[in-house]
Amino acid sequence: FTLMDILLGKVGKSIKKVLYQQEISVFAEYRNLDLQHAISYSPNSSLDDDQWFFLDSLPSKNIKNPITVCLNANSNDWVQISSDEYTSIRFLTLIDKLNSRAFYQKVPNSMLIKKPRLNWTGLNDQPSISVDPIILINEIPDAIYDESTERLYFKDISKLTDIFRGIDQQFKEATEVEVSNFVNSNIFDTASGFDIKKVSTPVRKKINAVQARFDSFSASEQVQFISNVQQYLSHITFKNGKFIINNNEDVRDLADALDQRFHETPITREKRRTQSYRSM
């Protein structure tokens with residue numbers, strides 16, 4: 001008995017078999033990807049070149065793995081994708097049965113080539129011209145799922161929203177109501193003329209991550225937060241016990257302050273804002 005590689009494609013609502021053989025050599029490099037330096041996903045973190053993010057326990061996070069039913073199924077029962085369906089493939093999944101891993105690649109229109117091409121292996125060794133679509137394969141996959149640990153690895157979570165339903169909730173932005181509650185809270189207030197609709201998408205994502213942070217602080221921590229904001233964000237007015245928000249930049253700065261992104265270097269005492277951090 002020989003374990004096989006299985007290549008699947010998502011077409012419409014169906015997952016169909018693309019290719020099934022002993023080993024798909026073009027994916028050989030996928031098997032050698034080093035995941036030992038992977039770090040737990042956080043929207044506040046950035047990756048080094050050799051690193052991956054990971055998420056554990058997808059079901060508990062309401063994230064659906066689209067090929068769960070395929071991992072242990074009999075591939076002989078799967079429908080083979082037809083040639084006229086290749087232009088409708090939305091993502092590819094390679095199931096590596098030997099290593100109990102699955103590799104995923106999104107297939108946007110930019111990865112689908114439909115131009116005529118000259119083939120050197122034609123009838124009677126003569127070149128032929130065809131217009132069959134070509135799907136480009138990435139050097140590294142968009143995601144890797146390890147069956148043994150039930151862990152999902154990836155580098156850019158935004159590429160996975162069309163593959164793993166529910167994963168977008170891991171980096172969703174605050175709603176307009178949540179933004180309003182944030183800028184009109186126990187500690188913040190808005191200046192006359194402030195327009196909630198001008199709060200940008202990146203800032204809304206920051207708000208979503210920290211909107212309950214001030215209330216979670218102890219009384220002494222709240223006092224320290226106010227002191228820190230006055231120290232690092234002197235351009236924001238503090239009046240009647242609240243910071244007055246004038247624009248989108250003020251919202252961004254206060255969200256970053258709640259996320260404790262402002263600090264002073266211990267030796268040179270230089271004030272800095274941290275764009276990305278990793279908990280230790």
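Good morning. The model is predicted, so to speak of local features requires pLDDT of at least 70, side-chain atom pairs count only at pLDDT 80 or more, and totals for chains, interfaces and linings use all residues. Residues are numbered from 1 along each chain as its sequence is written, and side-chain values use heavy atoms, without hydrogens and water.

Strands here are DSSP runs of E with at least two residues, and helices are runs of H or I with at least four, numbered from the N terminus. Two strands pair if DSSP finds at least two bridges between them. Strand β5 (residues 89–96) runs antiparallel to β6, joined by six bridges. Within this pairing, Phe91 stands opposite Lys106 of β6.

What does β6 pair with over four bridges? The partner is strand β11 (residues 143–146), again in the antiparallel sense. There, Arg101 has Asp146 as its bridge partner. Of the six residues of β6 (residues 101–106), five are buried, that is, under 20% relative accessible area with a 1.4 Å probe, protein chains only.

I turn to the largest pocket. A pocket is an open set of points on a 1 Å grid where a 1.4 Å probe fits, with protein on both sides within 12 Å along at least five of seven lines; lining residues have an atom within 4 Å of a point. The lining comprises 24 residues, with Tyr41, Pro43, Asn44, Phe171 and Lys205 nearest the centre. Two elements, α2 (201–210) and α5 (248–258), each give two or more residues to this lining. Helix α2 gives the most, with five. Thank you.

Notes: Buried means under 20% relative accessible area, exposed over 50%, partly exposed in between (1.4 Å probe, protein chains only).
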